[in-house]
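Hi,

Here is the structure I promised to pass on. Have a look at it, and then read my notes below.

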2 protein chains.
Amino acid sequence: MPGTRGPRVAMLSVHTSPLDQPGTGDAGGMNVYVLELSRALARRGAEVEIFTRATSSAQPPVVDVQPGIRVLHVPAGPFEGLDKNDLPGQLCAFTAGVLRAEAHRSEGWYDVVHTHYWLSGQAGWLAAERWDVPLVHTMHTMARVKNAALAPGDVPEPQGRVIGEEQVVAASDALVASTREEAEDLVRLYGADLDRIHVVPPGVDLDTFTPPVPSDATARTALRERLGLPVDSPLILFAGRVQLLKGPDVLVQALEHLPEEVRLVVLGGASGRPTAVRELEALAHQCGVRDRVLVHPPVERRRLADWYRAADVVAVPSHNESFGLVAAEAQACGTPVVAAAVGGLRTVVLDDVNGVLVDGHDPLAWADVLGALLADDGRRARLAAGARAASRRFGWDEAAAAMLDVYAQATKRRPAR
Amino acid sequence: MPGTRGPRVAMLSVHTSPLDQPGTGDAGGMNVYVLELSRALARRGAEVEIFTRATSSAQPPVVDVQPGIRVLHVPAGPFEGLDKNDLPGQLCAFTAGVLRAEAHRSEGWYDVVHTHYWLSGQAGWLAAERWDVPLVHTMHTMARVKNAALAPGDVPEPQGRVIGEEQVVAASDALVASTREEAEDLVRLYGADLDRIHVVPPGVDLDTFTPPVPSDATARTALRERLGLPVDSPLILFAGRVQLLKGPDVLVQALEHLPEEVRLVVLGGASGRPTAVRELEALAHQCGVRDRVLVHPPVERRRLADWYRAADVVAVPSHNESFGLVAAEAQACGTPVVAAAVGGLRTVVLDDVNGVLVDGHDPLAWADVLGALLADDGRRARLAAGARAASRRFGWDEAAAAMLDVYAQATKRRPAR
């Protein structure tokens, strides 16, 4: 990697585009991660090209997002109707598209391949080998972790994914974990070489996710009115994809045991099964809390901050999270978080400092914690202050600086492999 | 392709090795096809390298089968326990191995990539594009054909395979069909360009599969005794993988309606479900014919000819066959074939000339046809003569000559694409 210019990064995100709206389908924290990391890298002089599978004929083949960031939509399979389980069969087509793009460049164009999720890792493995550049991989989620903490009724990840992940771990010159917990999982469950793991906490967009100004009751009432939310009810916000992994059903069931006036706002769309939202609504009906659950489709990121600010508590009952971006963003907005004590959430949420951690997913336990916190204005104010302070740990500029260092180390390490 | 030497062919057979024993697991007619075609091509001066996924630590990375034929076992995923459904996830690893092998050669080593089955087509598509050489593809089986004629209880092929097949059809410079029926399916079901389809009937090893000498009753008795088969019973032979697609259950059920002395010999092992053979035996028990069904594991090809010779009739009740190698081999041994009137079997078996075609898979209809044929020595003798004559249509040398012509045409066509 020459010192006179920033590195040229081939960023691979096969199955979900950084230009997609997060909070529905396959688009979640990873999309935000890829785009925000790329932005911060570009600010530091890197040239980032993000390769993602084309999923609509309306997408131009190349989108110049901003100076230093280009998104390339690679045709590989039909735009719509391709099941996620059928994506592995499209990796040859996708990889061919990536290699083709490089072939139009002068030789040795890219300095590093950074892949996200195992599918991209498979494609990037081949590309990095052909180009003789380091492969840097971020898992985001791991089949073995997910399968060990499966939500009741959820389907285990197939063995083919486990095998694919093992290969990518073995082939990577550097593995990026968001938290220490993720690094430990990589070593324990995938036999990763500790020397090649780098913990780089992802950032939170601290310009977008800020505490409310002014923060008085009048401003908050106006905000809730603007969002169409009940002004006087205690509000619990769930923001994320509606799928078993994220545990929204735990909150619906907990609501039954919370005071009548408490409302749950579900901000997100179906993922996995297209009927996921309707199933959640049916569960609410069954629990007798249907009129206390407000479902709203996901919103743009710059509007999302207002939803965090409008809530009394943001709940993150996921069965697993490698980081838990929603928790970090909510904290940056000064809203206390109640989160499951799993994965990266244990790094983001410090119990009784900037939020509360709950063991397990028993709706009664969640109702206890949520009820107590909603009833205690003083404690919420203390945790809100802690949340704002803690969020300063997570900045994308710091993340990008650390990532450039990872790229440099991987480049140095590569000849020795 | 230079005229002074034979072409260098990269032959891709991802999911099944030509060195495997056919008749069990995933090994069937395609294995024979790849190996025999390669042999015949080598005899005509081609240099063939067959790439297949390594499935055992006992396999050497490179096996020089004979001058002009080399088998390369490419590591891609675990040796054992990889489900066929998880193979698409290994295509990047496999393709990387193929590209790596080429990188060790002098530039422009291979003249053509010939792929077998859609998985290989996906890998070969990428390789041919990188090397800028023509892609020649043989489908062997097609998801849309299989799904249209699904055996009762069999599972449809996934959409991901259909999509993958469509891509390979579109990307191929030449498509090789074994029969006119297969060519029609390619056009009708996959929108293939007729100009790029070449019908090349596969060969039968006419040195191995020959009529019995001597062919008198004494020799036949000795042969049956040697194979451990009943000497005096009318014998129906089923040779092939025990799986619903191949329809052995039809024969077991037909046996119930055939004279008491008729025996069914099932020569083959389980495919798909490991319990397939036991399930067939259970069905026989249920039909009250368990002691009339003899199950024997698949045998080497040079011994297989004796089994064809020992039978009175060879039955091929498949729900689909792109060619039907078993029928052609049995005919070469002078044994009449009773086959389902599907796919390539309609090319190989000429009704009442060298065998009998049966519409559908009704066990009663099969019992009628088989019973009548077993009772009519004169007709069997006439069909046996027809079978021997017809088998001369299928020679591997002719197939190899035709294939070299396909390679040459694909090479000429390529720049125009």
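This is a predicted model: local features need pLDDT of at least 70, side-chain atom pairs count only at pLDDT 80 or more; totals for chains, interfaces and linings use all residues.

Residues are numbered from 1 along each chain as its sequence is written, chains are lettered from A and ligands numbered from 1 in the order in which they are written, and side-chain values use heavy atoms, without hydrogens and water.

Chain A is split into domain 1 (8-203 + 396-413) and domain 2 (217-392), with bounds from an automatic or database domain assignment. In contact (heavy atoms within 4.5 Å) are 24 residues from domain 1 and 22 residues from domain 2. The C-alpha centres of the two domains are 29 Å apart.

Together the domains bury about 1800 Å², 58% of it on carbon and sulfur atoms; this is the accessible area (1.4 Å probe) lost on putting the two parts together, summed over both. On the domain 1 side, the elements giving two or more residues are α1, α4 (143-148) and α6 (180-190) of chain A; helices are DSSP runs (H or I, at least four residues), numbered from the N terminus.

Helix α1 (residues 29-43) of chain A has 15 residues. Among the buried ones are Tyr33(A), Glu36(A) and Leu41(A). Just after the helix, Gly45(A) has a positive phi of about 95°.

Best wishes

Key
The expected span of a helix is 1.5 Å times one less than its number of residues. Buried means under 20% relative accessible area, exposed over 50%, partly exposed in between (1.4 Å probe, protein chains only).
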